[in-house]
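Me: I would like to go through this model and ask, for each label put on it, what the label rests on. Please set the values against the criteria as we go.

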Amino acid sequence: MEPNAAPPLGDRPHCSDCRAALESGGRQAISFLLVETLTVPVVGCDAHLEEFRAICELTTEDNAELLGHLPAGGIQCPACRNHEQGGGMPLIFVEAGAVGILACERHATAVIECYQSGLQARQQLGANGPRGGGSIHNTGGIELPDLDDS
């Protein structure tokens with residue numbers, strides 16, 4: 001499991017709210033990310049958690065949700081339920097902040113891959129412009145029409 005980018009301050013995010021949430025160690029700082037079939041505890045400030053959720057949602061068929069409470073049914077994976085917050089938590093750097101993932105290695109990797117895929121999708125959308133005006137890949141050279149100008 002590798003973080004998506006080099007940490008801005010060595011191994012600490014710039015965002016003081018993210019740092020406080022990551023260092024708190026208390027259950028009050030934990031949110032729950034529901035993405036695909038996973039329910040994974042995550043830690044960070046509200047703004048960077050929301051950005052993280054939005055990026056993950058770019059590559060899912062369903063909505064990605066953030067809850068401030070344990071969802072009905074709880075966390076299904078016993079390894080995720082028993083994950084210790086004190087050590088081995090992968091950090092995903094989101095802009096100037098960071099999100100810690102409190103899950104087993106398999107599910108943390110799945111969430112990291114979802115986030116990285118979302119970042120790639122966002123970069124491709126940004127490179128093609130908001131109207132999709134760049135060259136289109138994997139379409140045999142066909143450029144899609146600009147539907148916003150109809």
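Me: Which residue stands opposite Ile92 in β5?

Reply: Val99 of β5 stands opposite Ile92. The model is a predicted one, and the values below are computed from it.

Me: How many bridges does β5 have with β2?

Reply: β2 and β5 pair over two bridges, in the antiparallel sense. At least two are required, so this pair also counts. Val43 stands opposite Gly100 of β5.

Me: Why are β3 and β4 called edge strands?

Reply: The order in the open sheet of five strands is β3-β1-β2-β5-β4, with antiparallel pairing. β3 (65-67) and β4 (91-94) each have a single partner strand, so one side of each is left without a neighbour in the sheet. On average, and with direction ignored, neighbouring strands are turned by 35° against each other.

Me: What makes β5 a covered strand?

Reply: Five of its five residues are buried, and buried means under 20% relative accessible area. On one side these are Gly97, Val99 and Ile101, and on the other Ala98 and Gly100, so by that cut-off both faces of β5 are covered.

Me: Which helices lie across β5, and at what angles?

Reply: Helix α1 (residues 16-24) lies across β2 (38-43), β4 and β5, and runs at about 25° to β5. Helix α2 (residues 46-57) lies across β1 (30-35), β2, β3, β4 and β5, and runs at about 70° to β5.

Me: How do you know that the length of α2 is close to the expected one?

Reply: The expected span is 1.5 Å times one less than the number of residues. α2 has twelve residues and reaches 16 Å from its first C-alpha to its last, against an expected 16 Å. By this criterion the span is close to expectation.

Me: Why is His48 called buried?

Reply: The cut-off is under 20% relative accessible area, and His48 has 10%, so the label applies. His48 belongs to helix α2. Leaving aside neighbours within four places in sequence, His48 is in contact with Cys15, Cys18, Val94, Glu95, Ala96, Gly97 and Val99.

Me: What makes Arg53 a buried residue?

Reply: Arg53, also in α2, has 13% relative accessibility; with the limit at 20%, it therefore counts as buried. Not counting residues up to four places away in sequence, Arg53 touches Leu33, Ala64, Glu65 and Leu66. The buried residues of α2 include Glu51, Phe52 and Ile55 as well.

Me: How do you know that Cys18 is buried?

Reply: Cys18 sits in helix α1 and has 0% relative accessibility, which is under 20%, so Cys18 counts as buried. Beyond four places in sequence, Cys18 touches Pro13, Gly44, Cys45, His48, Gly97 and Ala98. The C-alpha atoms of Cys18 and Gly100 are separated by 9.2 Å, although the two residues are 82 apart along the chain.

Me: Which residues touch the most other members of the largest nonpolar core?

Reply: They are Leu33, Phe52, Ile101, Val111 and Tyr115, out of 38 residues in that core. The elements that give two or more residues are α1, β1, β2, α2, β4, β5 and α4 (105-127). α4 gives the most, with six residues.

Me: How many helices and strands are there in the protein chain, and in what order do they run?

Reply: The chain has four helices and five strands, which run α-β-β-α-β-α-β-β-α from the N terminus on. Buried residues make up 41% of its 150 residues. Among contacts between residues at least 6 apart in sequence, 63% join residues at least 24 apart.

Key: Residues are numbered from 1 along each chain as its sequence is written. This is a predicted model: local features need pLDDT of at least 70, side-chain atom pairs count only at pLDDT 80 or more; totals for chains, interfaces and linings use all residues. Side-chain values use heavy atoms; hydrogens and water are left out. Axes are lines fitted to C-alpha atoms, for helices over the stretch in contact, and angles run from 0 to 180 degrees between N-to-C directions. Contact means heavy atoms within 4.5 Å. A nonpolar core is a set of buried Ala, Val, Leu, Ile, Met, Phe, Trp, Tyr and Cys residues joined through side-chain atoms within 4.5 Å. Buried means under 20% relative accessible area, exposed over 50%, partly exposed in between (1.4 Å probe, protein chains only).
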